[in-house]
Amino acid sequence: MVLAVTIRFPWPNRPWALPVLFALYTPPEVSERLGRKHHTAGELARILTRRLLGWFPERRFVLTGGGQYSTHEMTRFAHAYHTQLTFVGRFSGNANSYHPPPKYSGTGRPRVKGERQSKPEKVAAKPMYVAWYGGDQR
């Protein structure tokens, strides 16, 4: 697994991804045979990202990952480091998402969910543009 940082240099017209950290992923049976604790791909990504955040506490990063990285643990990790990290991952279009629960008033059972948010497929229907290679907007 390689953690790369995207950097814009002044001379080319596109960003460059520079590898800064890497970790060797081993299947569970190989980890067991070597007598090492097995780490999933998501755990390795969190370990590498935590190291990067520790090296650059004043910088903000955007972490992107596919389906194997889009886990509850990764979103909790990103929330814990929300001042330094924004996580962009795969998300189901018909998922239910909620605002954080309101503060506990001290009576009754505390709420675990806040107000319901719009479905991701409805939010994604709105046009949004991002910077693309060659300076294009897509």
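1. Let's start with the second largest pocket: α3 is the top contributor to its lining, with 4 residues. Keep in mind that this is a predicted model, where local features need pLDDT of at least 70, side-chain atom pairs count only at pLDDT 80 or more, and totals for chains, interfaces and linings use all residues. Residues are numbered from 1 along each chain as its sequence is written, and side-chain values use heavy atoms, with hydrogens and water left out.

2. On terms: a pocket is an open set of points on a 1 Å grid over the protein atoms alone, where a 1.4 Å probe fits, with protein on both sides within 12 Å along at least five of seven lines; lining residues have an atom within 4 Å of a point. Volume is the space filled by probe spheres set on the points, which are joined across faces, edges and corners. Helices (H or I, at least four residues) and strands (E, at least two) are DSSP runs, numbered from the N terminus.

3. Back to that second pocket, which holds about 400 Å³ of space. Its lining has 15 residues, with Thr-75, Phe-87, Gly-89, Arg-90 and Phe-91 nearest the centre. Both α3 (72–80) and β4 supply at least two lining residues each. By class, you get 6 nonpolar, 8 polar and 1 charged (Ala, Val, Leu, Ile, Met, Phe, Trp, Tyr, Cys and Pro are nonpolar, Asp, Glu, Lys and Arg charged, and the others, Gly among them, polar).

4. The largest pocket has about 990 Å³ of space. It is lined by 33 residues, and Ala-4, Val-5, Thr-6, Phe-61 and Val-62 sit closest to its centre. Two or more lining residues come from each of β1 (2–7), β2 (16–22), α2 (41–55), β3 (61–64) and β4 (85–88). β1 gives the most, at 6 residues. This lining splits into 26 nonpolar, 4 polar and 3 charged residues.

5. The salt-bridge count is 1 (a side-chain nitrogen of Lys or Arg within 4 Å of a carboxyl oxygen of Asp or Glu). The pair is Glu-73 and Arg-76, at 3.7 Å, N to O. They are 3 residues apart in helix α3, so about one helical turn separates them. Glu-73 is partly exposed at 41% relative accessible area, while Arg-76 counts as exposed at 52% (buried is under 20%, exposed over 50%, partly exposed in between; 1.4 Å probe, protein chains only).

6. Finally, Trp-132 lies in the segment after α4 (120–124) and is partly exposed, with a relative accessible area of 38%.
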